[in-house]
Every structure is written in structure tokens, then in C-alpha cells.
Amino acid sequence: SLTHGEDYLTEHAPAPIRRLLGLHVPRDRSREPLTTSAEREAFDGVALRILEDHCTACHNPGKIKGQLRLDTHEGILAGGQSGPAVLAGHPEASELLRRVRLPVEDKKHMPPKGKAPLTDDDVAVLAWWIEAGLPDTGTLRELQAPPSIRIAFTRTLPEPERQAVEELETRRAAEYEATLAELRAAVPGSLRPITPGEQDLEYTAAIAGEAFGDAGLETLAAAGSDLVWLDLSRTGVTDAGLRVLAKMPNLERLVLRVT
């Protein structure tokens, strides 16, 4: 304990031994189904994952340093001996981020000396989660995490998992592009991802003019949940045809000029 730290003999002990000693048993993430970054829960699958890698060894039910638990959403919100660990919407004022950004030689730097410090990607993802309001539920896609955050999180994963995620995302993108090709052949206009490689779509029918009408809009509904921007200006759509918009729950931008 004096030379290597109090958890030197138990840090990497197998789960049965840790249970026998009444110690916290780290979660085995390797047994979880493989998903893309966009499909992961912002707290349980992303923010908590980073905290488990760097923080929960000292902030768990069996070892609560500074009276702070970082293994649950409730524990994070409750804060510890030094007050709130995070402030929803204010990453720059959150003590958790202030501590991990301190110089490594600073005694208040977290995690403590000898532990792997957080990377820039780790910090960027946690800062986004705090700025987003500390959501307990919702995926990165549902919470509209920017592509830079999704990519940053992927880089925080262990190398084998990172490669598997990137392969899955590449395969999904190719399959999705094939689906889009069928839709493009069926309707005039421009249908494309807002951000390359993502599934949030924009569609512009303006160049088709009145040749694009209610039937075309009904066909377009096949991509309904992915449509975010929709430009129907100068087309032949009618009030009756707009009922199909109910099949596009994630629509944020709708243009109806000269219709």
C-alpha cells in the first residue's frame, strides 16, 4: 500500500475475488451487443463508459472517495464532499471537468497520479454530455450529438471494439446508401444525408417543380423517420398530401414556398 497504492493487490483481481472481499465489481462491457456510436445511450453507454474507465475505481459503493459516487446517474447529480460534481448545461463550471483538466502534477488532478488520465476525446464527450443537460436517457442520435462527438467517443473505445464499431458503421452506411439509391430512382429531386455517413436526410424537390406531387411525397415517406430537412417549394403538393408528414416524426425544417 505504501509503495504502490492501497488497491495495488486488488485493482485487477477477478470478479469472484472482488465479490469475496466486498469490493466493487467493474461492469463487463465486452458482453454487451455491438452497436454504432449513434445508437448508444448518451449516459449509460457513453458518459458512464468513460467514467468507468477512469473514475469509478475510486468512486463506487465500496470506495467512495470524497463522498462522491460516479457509478450512477443519481450519484453524479448528488455530488460529494466538495459540492456538485457537474452543473447541467455548464461544462466550464463543472468541478469534474476542472479536476481532469488540471496539470497531472497538481495534487487535485483527477484521476490521481498513477492512473491513466482522460484523453482530449474523453473530456470532449463528457463536456458535451454536461452541456446537453446531463441526460439520463436517449441515444446520441436522438439527442443530436454532433458527428465530432460520435467520432470522439468511438476513439475512446478499446482498439478491438473501435475497429468492430467502425466496420459496423461502414457496413450500415453501404446498406443504407443502397436503400437511398432505390428511393432516388423512384422520386425526382435531391435526397442526401445532411452529414456524410449519417442517416439524417435532407430532400429538395424544388427542381422537380409541379412534377413532384402528393404521390411523390407518399413514396418519400419510406425514409420518413430519417427525414430532417424537407424542401417542397414550387411543387404540386396539396393540403391533403401533407398528411403524410405525420410519418416524418423527426422533421425539423419544412419549406412550402409557392405551393
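In the predicted model, helix α2 is largely enclosed by the rest of the structure, because ten of its 13 residues are buried. The buried positions are Ala42, Phe43, Gly45, Val46, Ala47, Leu48, Arg49, Ile50, Leu51 and His54, and they pack against α3 (73-78), α4 (95-101), α5 (120-131), α6 (147-156) and α7 (159-186). A kink of about 40° is centred on leucine 48, which is itself one of the buried residues of the helix. The 13 residues of α2 (residues 42-54) should span 18 Å at 1.5 Å a residue, and the distance of 17 Å between the end C-alpha atoms agrees with this expectation.

Helix α7 has 28 residues and reaches 41 Å from its first C-alpha to its last, close to the 40 Å expected at 1.5 Å a residue. Its buried residues are Glu161, Arg162, Val165, Leu168, Tyr176, Leu180 and Leu183, and these pack against α2 and α6 as well as against β3, β4 and α8 (214-220).

The sheet is open and consists of four strands in the order β3-β4-β5-β6, with mixed pairing. Strands β3 (190-193) and β6 (253-255) stand at the edges, and since each has a single partner strand, one side of each is left without a neighbour in the sheet. From one strand to the next, the twist averages 15°. Four bridges join β3 to strand β4 (residues 201-204) in the antiparallel sense, and in this pairing proline 193 stands opposite leucine 201 in β4. Helix α7 packs on the sheet, where it touches β3 and β4, and its direction makes about 170° with that of β3.

Proline 193, in strand β3, has a relative accessibility of 19% and therefore counts as buried, the cut-off being under 20%. Leaving aside neighbours within four places in sequence, the contacts of proline 193 are Leu180, Arg184, Glu198, Asp200, Leu201 and Glu202; among them, Leu180 is a buried residue of α7. The C-alpha atom of proline 193 lies 35 Å from that of aspartate 28, a residue 165 places away along the chain.

Most residues other than glycine have a negative phi, and most peptide bonds are trans. The peptide bond from methionine 110 to proline 111, however, is cis, with omega near -5°, and proline 111 is placed in the loop between α4 and α5. Glutamine 144, in the loop between α5 and α6, has a positive phi near 60°, and its relative accessibility of 52% means that it counts as exposed. Arginine 234, which is placed in the loop between β5 (227-231) and β6, likewise has a positive phi, of about 65°, and at 53% relative accessibility arginine 234 counts as exposed.

Notes:
Residues are numbered from 1 along each chain as its sequence is written. This is a predicted model: local features need pLDDT of at least 70, side-chain atom pairs count only at pLDDT 80 or more; totals for chains, interfaces and linings use all residues. Side-chain values use heavy atoms; hydrogens and water are left out. Helices (H or I, at least four residues) and strands (E, at least two) are DSSP runs, numbered from the N terminus. The expected span of a helix is 1.5 Å times one less than its number of residues. The bend at a residue is the angle between axes fitted to the seven residues ending there and the seven starting there. Buried means under 20% relative accessible area, exposed over 50%, partly exposed in between (1.4 Å probe, protein chains only). Contact means heavy atoms within 4.5 Å. Two strands pair if DSSP finds at least two bridges between them. Axes are lines fitted to C-alpha atoms, for helices over the stretch in contact, and angles run from 0 to 180 degrees between N-to-C directions.
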